[in-house]
There are 2 protein chains.
Amino acid sequence: MPPVPLPQQLHELADLLGEMCTAAAGALNRATTAMLDGRVRLAEQVIAGDARIDAMRAQIEDVATDALLFHSPVAGDLRAVVSAIRAAGDVERMGDLALHVAQVVSMRHPRPVLPPEVREDFTQMGALAVQLALKAAQVARSRNVILAVELDADDDAMDKLHRHMFTVLMDPSWPHGVPAAVDITLLARYYERFADHAVVVANHTVYAVTGEEPDAIPI
Amino acid sequence: MPPVPLPQQLHELADLLGEMCTAAAGALNRATTAMLDGRVRLAEQVIAGDARIDAMRAQIEDVATDALLFHSPVAGDLRAVVSAIRAAGDVERMGDLALHVAQVVSMRHPRPVLPPEVREDFTQMGALAVQLALKAAQVARSRNVILAVELDADDDAMDKLHRHMFTVLMDPSWPHGVPAAVDITLLARYYERFADHAVVVANHTVYAVTGEEPDAIPI
């Protein structure tokens, strides 16, 4: 059997990466709904579904390795292959973070995870994070570098929400005690990290297309 | 100028990765000392030094890209190159986590970050995390797959310390309130993530040498 042509492999990598980002977005969307509505079975679906996202990472690496082996790509094509490997690692981590949210819901069940004061913040963080993952999917598929810039603005909004959460927790009148604060600290961190990884995924595409690392890779 | 021979590039990648792990270990070691002893200038050194770790990641990617371009490596050599790229991303993140510890020290200065109850836990977590990074350096340099197994045991010890920290925080008699608990929650998470990434770095080497992903890649 002749090897798959390189352009087809690059196309497949872009599609798989887009699909993987969309799967991570779906996982976090379900985990957020499970958290807000106390739906433990939905949380368990997210937990069970993480293996699929991990498998997609392995599949991307297989296609990328084949591309390197059979075609020895150069210049932009080589960057596209290497960036796909790096981006897949970030999206796998996004899946893990959605899994972590679901695990908190499952561990705390039937107790709700969020006190009323922070429900609205988490609703917004969830929506923003899912939106970032879907935009990263679109950047990966379309290789649209202009669209990648949008993700930075969304990520700034996420950082603002994340900081606001700490203002709420640090308020001396916080009535829910340390255990709830600890859960919320970690959950907020999961959303913020998920968003950061989505930005990094888009930045990998920018690097593949332009050969330049965006300056604003978040840490 | 003739291209650098592949064996020499692979050697360089192993050395650079080892050096990078050692640098991350040094950064976390200094950040931990800064935190325990309230040494803000040491924390600032860690913050300033992170750019060097980031630069090493870029250097590893350059060498790896050259290896792919000029030698089209196959089999174990190809895995070694791709694994170096992936591992460098993990070590960069370890540097970021050391940076985050230093940033908390710097932000809270001159107030100490840790109440006395958790100093011993963080001393141990710091020592373990640094030890894991140094072992990951040794695995990267020596490609000793047997040594990689040791890291899993160390990481189990880290997880135990991490869980113990939550027991301390969740105790109804915790006297330091929510703000200290929030800091400690995040700091403990930084150490635990640092250790996880060190294990992943070692596992990348296992994959490069054996062609098999270790089952126990931590999430």
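Reply: In chain A, residues 123-203 form a span that is 90% helix and 0% strand, and its end C-alpha atoms lie 26 Å apart. Please keep in mind throughout that this is a predicted model.

Me: Which feature does UniProt place at residues 18-105 and 123-203 of chain A?
Reply: The span 18-105 of chain A is 94% helix and 0% strand, with its end C-alpha atoms 27 Å apart, and the span 123-203 is 90% helix. For these two stretches of chain A the UniProt record, an unreviewed entry, gives the feature "domain: PhoU".

Me: Which parts of chain A does the salt bridge between Arg57(A) and Glu92(A) tie together, and how far apart are they in sequence?
Reply: The closest N and O atoms of Arg57(A) and Glu92(A) are 2.7 Å apart, and the two residues form a salt bridge. Arg57(A) lies in helix H2 (residues 40-71) and Glu92(A) in helix H3 (residues 75-108) of chain A, so the pair ties together parts that are 35 residues apart in sequence.

Me: What does the pair of Glu61(A) and Arg86(B) join?
Reply: The side chains of Glu61(A) and Arg86(B) meet in a salt bridge of 2.9 Å, taken from N to O. Since Glu61(A) lies in helix H2 of chain A and Arg86(B) in helix H3 of chain B, the pair joins two chains. Glu61(A) counts as buried at 6% relative accessibility, and Arg86(B) counts as buried at 13%.

Me: Which residues do salt bridges that share partners join into one network?
Reply: The structure holds 18 salt bridges over all chains. Those that share partners join into one network Arg57(A), Glu61(A), Glu92(A) and Arg86(B).

Me: Which element gives the largest share of the side of chain A that touches chain B?
Reply: Between chain A and chain B the buried area is about 3000 Å², of which carbon and sulfur atoms give 69%, and the count of salt bridges between the two chains is two. The elements that give two or more residues to the side of chain A that touches chain B are H2, H3, H5 and helix H6 (177-210) of chain A. The largest share, ten residues, comes from H6(A).

Me: With which side chain does Asp90(B) make a polar contact of 3.0 Å?
Reply: Asp90(B) lies in helix H3 (residues 75-108) of chain B, and Asp90(B) is buried yet has no salt bridge, the nearest side chain of opposite charge, Arg86(B), being 6.3 Å away. Leaving aside neighbours within four places in sequence, Asp90(B) is in contact with residues including His197(B) and Val200(B). The polar contact of 3.0 Å joins the side chain of Asp90(B) to that of His204(B).

Notes
Residues numbered from 1 in each chain as written. Chains lettered and ligands numbered in written order. Predicted model: local features only at pLDDT ≥ 70, side-chain atom pairs only at ≥ 80, totals over all residues. Heavy atoms only, no water. Helix = DSSP H or I, 4+ residues; strand = E, 2+ residues; numbered from the N terminus. Buried < 20%, exposed > 50% of the residue type's maximum accessible area, 1.4 Å probe, protein only. Lys, Arg positive; Asp, Glu negative; His and termini not counted. Salt bridge = Lys/Arg side-chain N within 4 Å of Asp/Glu carboxyl O. Polar contact = N/O pair within 3.5 Å; in protein donor to acceptor, adjacent residues only side chain to side chain. Contact = heavy atoms within 4.5 Å. UniProt positions renumbered as here; feature names shortened; annotations may be inferred. Buried area = accessible area lost by both parts, 1.4 Å probe.
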